[in-house]
Amino acid sequence: MSERTLTGTGATPRANVGTVVWYRPESALDDAEDVPTVDPDERSAEHERFEAARDQAREELEAERDQTAERVGEEEASVFDAHIQFLDDPQIDDGVASEIDDGTPAEYAVRDAFAGPIEQFEGMDDRMAERADDLRDVRDRLVRLLTDGERVDLSALPEGAVVLAERLTPSDTAQLDPDRVAGFATVTGGRTSHAAIFARSLALPAVVGVGPDLESIEEGATVIVDGETGELVVDPSQERLDALDTGPDVEVTHERVETTDGREIEVAANVGRSVELEGAVEQGADGIGLYRTEFLFLDREEPPSEEEQYEAYVEALEAFPEGRVVVRTLDIGGDKQIPYLDLPEEENPFLGERGIRRSLAPDADLFETQLRALLRAAADADGGTLSVMFPLVSTVDELEAALDAVDEVAADLDDEGVAYTVPELGVMVETPGAVFMADEFAARVDFLSIGTNDLAQYVMAAARENEHVAHLHDPLHPPVLRAIARSVEAAHDNDAWIGMCGEMAGSPELTELLVGLGLDELSMSAVTIPAVKENVSTLDHERATDVAARALNAVTRGDVTNIIEDQ
Ligand code: PEP
Ligand code: MG
């Protein structure tokens with residue numbers, strides 16, 4: 001078989017070879033697939049399977065209807081009533097029953113029984129055509145429920161698996177075992193999608209945003225995933241396999257680094273789970289610059305208790321006895337969904353209930369539990385200095401409410417006679433609102449940390465998951481650079497330190513620009529720490545300041561790139 005190459009966006013400077021396992025969570029049924037025939041004596045079980053799926057669909061829809069009625073209004077909730085009615089539609093019901101009687105498996109019976117009514121509605125005027133969408137929704141829900149049991153179990157993949165998927169959500173990636181998986185590739189996604197971030201934090205080779213061509217790779221094929229070049233080589237030649245370079249070899253330094261003219265830059269790691277701490281230490285991180293605590297909440301049935309969280313935070317602090325550990329309070333919503341928390345289905349989740357917005361309102365209890373665990377861990381850990389920061393803040397009111405919550409938790413612990421320490425407090429700068437108010441924020445906290453993944457998405461109005469606007473979702477666009485510069489100035493004018501924990505901080509080719517912009521700390525996936533430390537220790541701060549000044553004067557992204565490449 002001759003080799004062929006597909007290209008996407010490389011997510012990690014690592015490469016590996018492995019065997020393809022397709023992950024299709026929604027089980028969109030493949031039209032071309034040969035439909036198996038169910039034996040006559042198993043058909044009644046097939047009817048029961050359909051009934052069970054229908055009951056479950058009804059339960060889900062009723063819960064979604066009630067939630068929508070409460071949060072939005074009765075009128076908006078009525079769409080779910082329509083869906084519930086479709087579940088009992090006699091024409092569809094008869095269609096499914098007779099298909100199953102003829103030996104069709106239930107999920108295919110559903111697909112076929114819905115096809116006629118969908119087509120009828122599609123041919124009608126606009127209002128009725130919308131009904132076709134409702135029917136598709138109901139059909140897909142039933143198919144999902146019927147095929148659920150056949151999902152690939154991501155936590156138990158064969159050794160050396162290369163996972164291919166349309167997309168991987170944060171909870172999907174949280175199940176991947178980095179010791180078994182050789183890498184992954186997805187149809188959608190960009191460099192800052194959470195799947196890509198996860199890959200980097202575990203040094204897992206990954207290519208995202210390959211596009212629909214990915215579907216042409218068959219289950220079981222041998223593939224090289226090159227996260228450096230963004231290439232997927234299918235059926236690689238022996239020569240190619242022999243030449244496979246799995247990643248750059250930069251010497252690790254465990255010392256703190258400074259520029260040639262003596263400006264110290266803290267180089268820290270971004271982590272999401274305890275298993276990543278070891279890698280961060282091994283790669284020479286000075287500390288943790290971003291602990292994404294939402295990962296403690298994923299891939300389980302209920303939120304972690306105060307005690308579980310306390311232990312996780314103590315473990316992180318003790319991994320860096322001489323360092324600083326910046327823990328970010330829960331940042332869910334957007335693409336980070338947690339089934340047991342019943343997050344609302346939102347039209348535009350990145351502009352919805354996310355981060356601090358949830359912590360101050362529907363998830364206030366979780367917020368309180370998390371703050372208790374953090375303040376206790378800060379007091380009890382043997383070494384390590386805790387800092388706590390809040391995500392997706394855009395108003396001073398939100399920040400003050402979060403700071404008040406910390407005070408209240410401290411007062412409660414005091415009353416209870418429980419040991420606690422109020423840590424250094426900070427806020428993420430990742431919305432335009434935060435940039436414009438950065439001076440007011442910095443006057444109220446100890447530090448700011450710039451989240452360029454979200455900042456670029458909101459400044460450029462380009463979703464971080466959408467590969468079609470990846471060229472806009474790029475922190476080198478002048479408006480994003482200017483937002484960064486403005487935040488740095490606001491922090492320093494108010495005696496606060498400022499770091500960057502978005503993916504931009506982990507691009508070694510941008511280290512000079514970022515140091516020149518005045519950042520005090522850079523936090524990134526562990527895999528890029530050695531290269532960034534090396535770059536810091538060979539650059540001159542004064543020269544870097546000059547590069548940054550020129551980049552800030554540039555008016556196009558192209559000009560910015562030219563300035564960086566000319567160095
Ligand atoms: C960011 O937005 O840059 C960030 C670091 O937070 P997250 O990627 O977790 O949204
Ligand atoms: Mg963010």
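**View 1. Thr104 in a loop between two helices.** In this predicted model, Thr104 is found in the loop that joins helix 3 (90-101) to helix 4 (106-122), where helices are DSSP runs of H or I with at least four residues, strands are runs of E with at least two, and both are numbered from the N terminus. Thr104 counts as buried because its relative accessible area is 12%, and the cut-offs are under 20% for buried, over 50% for exposed and in between for partly exposed (1.4 Å probe, protein chains only). Along the sequence, Thr104 and Asp39 are 65 residues apart, while in space their C-alpha atoms are 9.3 Å apart. Residues are numbered from 1 along each chain as its sequence is written, and chains are lettered from A and ligands numbered from 1 in the order in which they are written. Local features need a pLDDT of at least 70, side-chain atom pairs count only at pLDDT 80 or more, totals for chains, interfaces and linings use all residues, and side-chain values use heavy atoms, with hydrogens and water left out.

**View 2. Leu232 in strand 8.** The strand in this view covers residues 231-234, and Leu232 is found in it. With a relative accessibility of 0%, Leu232 counts as buried. Its C-alpha atom lies 9.2 Å from the C-alpha atom of Ala206, and Leu232 and Ala206 are 26 residues apart in sequence.

**View 3. Arg357 in helix 11.** Helix 11 spans residues 356-360 and includes Arg357. Arg357 counts as partly exposed because its relative accessibility is 27%.

**View 4. Leu392 and its positive phi.** Most residues other than glycine have a negative phi. Leu392, which is not a glycine, has a positive phi near 50°. Leu392 is buried, because its relative accessible area is 0%.

**View 5. Asp495 and its positive phi.** For Asp495, again a residue other than glycine, phi is positive and near 55°. Asp495 lies in the loop that runs between helix 17 (478-493) and strand 16 (497-500). At 74% relative accessibility, Asp495 counts as exposed.

**View 6. The shell of residues around ligand 1.** Ligand 1 is surrounded by 17 residues, and the closest of them are Arg292, Arg328, Gly451, Asn453 and Arg464; a residue belongs here if one of its heavy atoms lies within 4 Å of the ligand. At least two residues of this shell come from each of helix 7 (194-201), strand 11 (288-292) and helix 16 (452-460). Helix 16 makes the greatest contribution to the shell, with 3 residues.

**View 7. Side chains that reach oxygen atoms of ligand 1.** A polar side-chain atom of Arg292 is 2.7 Å from an oxygen atom of ligand 1. Glu430 also places a polar side-chain atom by an oxygen atom of ligand 1, at a distance of 2.9 Å. In the side chain of Arg464, an N or O atom lies 2.7 Å from an oxygen atom of ligand 1. The protein covers 100% of the 290 Å² of accessible area that ligand 1 has on its own, an area that comes from the Shrake-Rupley method with a 1.4 Å probe. Polar pairs like those in this view are N or O atoms within 3.5 Å of one another.

Technical notes
Polar contact = N/O pair within 3.5 Å; in protein donor to acceptor, adjacent residues only side chain to side chain.
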